[in-house]
Amino acid sequence: MSRVVFIGLLIYLLVFAGLATLRGEFLAMAIPLFFYLAFGLIDRPGTMQLEIHREIVPKWVNSGETFQIHLNVTNRGQDLKEISLQDSVPMNLDILEGSPSLLCELPIQGSIGLSYTCRATRGLFLFPGVRLISSDRFGLFPRTESYSLKDRILVRPEVRRLKRVIIRPRITRIYAGNIPTRQSGSGVDFYGVRSYQSGDPLRYLNWKSAARHPGLLFTTEFEPERVAVIWLMLDARQRSNIQGPGGSLFEHLVSATAALSHAFLNEGNRVGMLIYGGFLDWTYSGYGKMQRERILQALARARTGESMIFDKLEHLPTQAFPPRSQIVLLSPLHHEDVPILIRWRSFGYDVICICPDPIAFEQDLFPQGEDQELGLRLARLERKLLFSQLRQAGIQLIPWIVSIPIEQVIGGALNRASFRRV
Amino acid sequence: MRTKIMSLACAFLSAVVMAWSYFRFGYLFITLGILIVPIIWAVNLRLGVQWIPSSLLFVICIVSSVGLFLDMPVLWMLLSWLVSFIAWDLNHFSYRMERAQSVDGADQIERHHILWVLSALSLGFLVAVITLNIKVALNFWVIVVLSILLVWGIGQGIRMVKASRL
């Protein structure tokens with residue numbers, strides 16, 4: 001019950017008691033309550049005229065880092081006897097120090113500051129506005145107003161440093177890099193030996209072969225190293241995500257994507273990214289630190305979503321990727337994805353799949369027992385079959401149990417695979 | 001914390017004044033019942049249940065009305081009633097201060113609040129005492145008209161408050 005109504009009720013009761021008993025004492029008891037209400041009415045706030053500024057320092061941070069929010073309010077209207085400022089803090093933001101709300105008096109032209117320190121994991125956090133509750137000194141007539149004061153902070157995902165990631169795409173670009181081109185040319189790595197042709201530089205003559213075949217001359221060929229175009233594809237479909245005891249599977253994928261993009265860009269490659277889930281979020285391919293920043297910002301915004309169209313990989317416009325380029329798909333994979341990946345392979349794309357293991361991630365959620373054991377075995381067999389189909393198509397698979405750090409998994413698996421192919 | 005202590009002190013003072021009046025008139029059971037009020041008040045200061053102070057204020061209102069009906073001293077009843085009302089107001093004020101996660105100039109807000117509530121209720125008490133000492137003979141119909149006017153006035157006041165909120 002509102003306090004005004006309660007006081008009103010008491011006044012009514014006393015007045016009626018006075019009238020019923022014809023005794024003025026009851027009415028006298030009601031008089032101080034009238035005065036109390038009257039003083040509250042005199043004091044009640046009018047329209048608030050405030051200038052509010054919010055500053056977030058810094059504007060973007062990495063996951064787990066702290067940032068500060070400063071709110072400054074200046075009163076340009078009438079005297080505010082009691083005002084409560086409440087900054088609307090987005091969910092999943094941990095407040096470490098200070099408070100987003102403040103109760104104070106705000107005289108005319110007076111100003112007040114409010115500061116608090118927050119921390120968050122990956123995401124884009126929007127601050128919608130500030131809620132103000134002004135009231136008289138008795139708190140009888142509160143007036144609530146909401147000021148729209150939109151701000152945002154981008155919390156980038158954690159980037160794990162990977163050692164050199166070795167990939168062997170079929171097509172490379174013309175700029176020098178670290179990826180062997182599978183063609184002879186100017187370079188330092190040995191590629192092969194062929195018969196000498198006039199015009200070949202004499203310093204490339206292979207004397208050992210010439211000694212074995214008298215009368216013939218041979219030239220040593222080298223393999224140039226170039227940069228490549230790499231497309232990272234992050235599976236953000238709702239059904240690919242699992243919430244487990246160790247957080248969300250999608251968060252692990254985001255972290256892996258960030259680590260890979262960082263590693264590829266560091267080696268001078270041209271890297272693009274596509275997040276597909278509720279919609280397609282393209283980060284067009286590019287080089288360098290700016291591109292790294294773009295990818296991290298896109299990853300910070302990434303959320304899982306559902307879409308009738310992008311529920312299956314077949315609706316992805318693969319023609320957007322350069323022909324025979326390197327695609328790195330980060331997804332736990334579904335059975336329906338297999339034919340699509342095989343088709344991509346047939347188009348000439350080099351596909352690497354980094355597949356976090358949803359079974360291992362999820363198994364702790366269920367009670368132990370025979371049924372669970374059987375279910376696990378069946379699920380693993382099914383997954384094994386899926387992997388064998390993909391391997392037969394020449395798709396490089398990197399199974400990943402997310403409890404193992406990504407740098408350990410990727411480093412080992414890709415290096416081994418590359419050596420095998422060489 | 002200070003307002004909480006003041007609130008408890010006011011509740012205690014109010015109960016003592018009222019209990020003393022009832023005791024003098026020989027109502028021992030009611031006296032004991034009244035003395036329970038500050039105990040409940042003290043317990044509730046720790047619990048923070050919002051409806052308990054209002055209920056206790058309502059009980060005190062009823063008890064002081066009964067006291068007036070039983071011809072107990074008007075000033076004692078009025079004083080007890082006012083002090084319990086101050087206790088109720090301070091209790092709500094301390095709740096508001098606690099609910100706010102941080103307060104800027106808490107002492108100043110507290111001081112202004114206490115001054116304002118004391119001004120309002122002292123003035124009310126003064127006017128009440130004056131009205132008790134001025135006797136005007138009114139016939140029944142004048143009282144009826146005045147009461148209707150009073151009810152209408154309060155209704156208008158509430159309507160005005162609602163309009164100002166919108």
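Two rings of Phe, Tyr or Trp form an aromatic pair if their centres lie within 6.5 Å, with the six-membered ring standing for Trp; planes over 60 degrees apart make the pair edge-to-face. By this rule, 16 aromatic pairs are found over all chains of this predicted model.

One of these pairs is formed by Phe321(A) and Tyr349(A). Their ring centres are 6.3 Å apart and their planes stand at 90°, so the pair is edge-to-face. Phe321(A) sits in the loop between α5 (288–301) and β19 (326–330) of chain A, and Tyr349(A) in the loop between α6 (337–346) and β20 (350–356) of chain A; the pair therefore ties together parts that are 28 residues apart in sequence. Both Phe321(A) and Tyr349(A) are buried.

A single aromatic cluster is made up of Phe6(A), Tyr36(A) and Phe138(A) from chain A with Trp81(B), Phe85(B) and Trp88(B) from chain B.

The side chain of Asp235(A) makes a polar contact of 2.8 Å with the side chain of Ser240(A). Beyond its neighbours within four places in sequence, Asp235(A) touches Ser240(A), Phe250(A), Leu253(A), Tyr276(A), Leu330(A), Ser331(A) and Pro332(A).

The next part concerns helices of chain B. Two packed helices are described by the angle between their axes and the distance between the axes. Helix α1 (residues 2–24) of chain B packs on helix α2 (residues 28–47) of chain B at an angle of about 175°, and the axes are 8 Å apart. As angles over 145 degrees count as roughly antiparallel, α1(B) is roughly antiparallel to α2(B). On the α1(B) side, the residues in contact include Leu8(B), Phe12(B), Met18(B) and Tyr22(B); on the α2(B) side they include Ile30(B), Ile34(B), Pro38(B) and Trp41(B). Sorted by class, the contact of α1(B) with α2(B) has 16 nonpolar, two polar and one charged residues.

Helix α1(B) also packs against helix α5 (residues 106–133) of chain B, here at an angle of about 25° with the axes 11 Å apart. Angles under 35 degrees count as roughly parallel, so α1(B) and α5(B) are roughly parallel to each other. Arg2(B), Thr3(B) and Met6(B) of α1(B) meet Asp107(B), Glu110(B) and Ile114(B) of α5(B). The residues of this contact of α1(B) with α5(B) comprise two nonpolar, one polar and three charged.

How values were computed:
Residues numbered from 1 in each chain as written. Chains lettered and ligands numbered in written order. Predicted model: local features only at pLDDT ≥ 70, side-chain atom pairs only at ≥ 80, totals over all residues. Heavy atoms only, no water. Axes fitted to C-alpha atoms, helices over the stretch in contact; angles between N-to-C directions. Helix = DSSP H or I, 4+ residues; strand = E, 2+ residues; numbered from the N terminus. Parallel < 35°, antiparallel > 145°, perpendicular 65-115°, else oblique. Contact = heavy atoms within 4.5 Å. Nonpolar A, V, L, I, M, F, W, Y, C, P; charged D, E, K, R; others polar. Polar contact = N/O pair within 3.5 Å; in protein donor to acceptor, adjacent residues only side chain to side chain. Phe/Tyr/Trp six-rings, centres within 6.5 Å; stacked < 30°, edge-to-face > 60°. Buried < 20%, exposed > 50% of the residue type's maximum accessible area, 1.4 Å probe, protein only.
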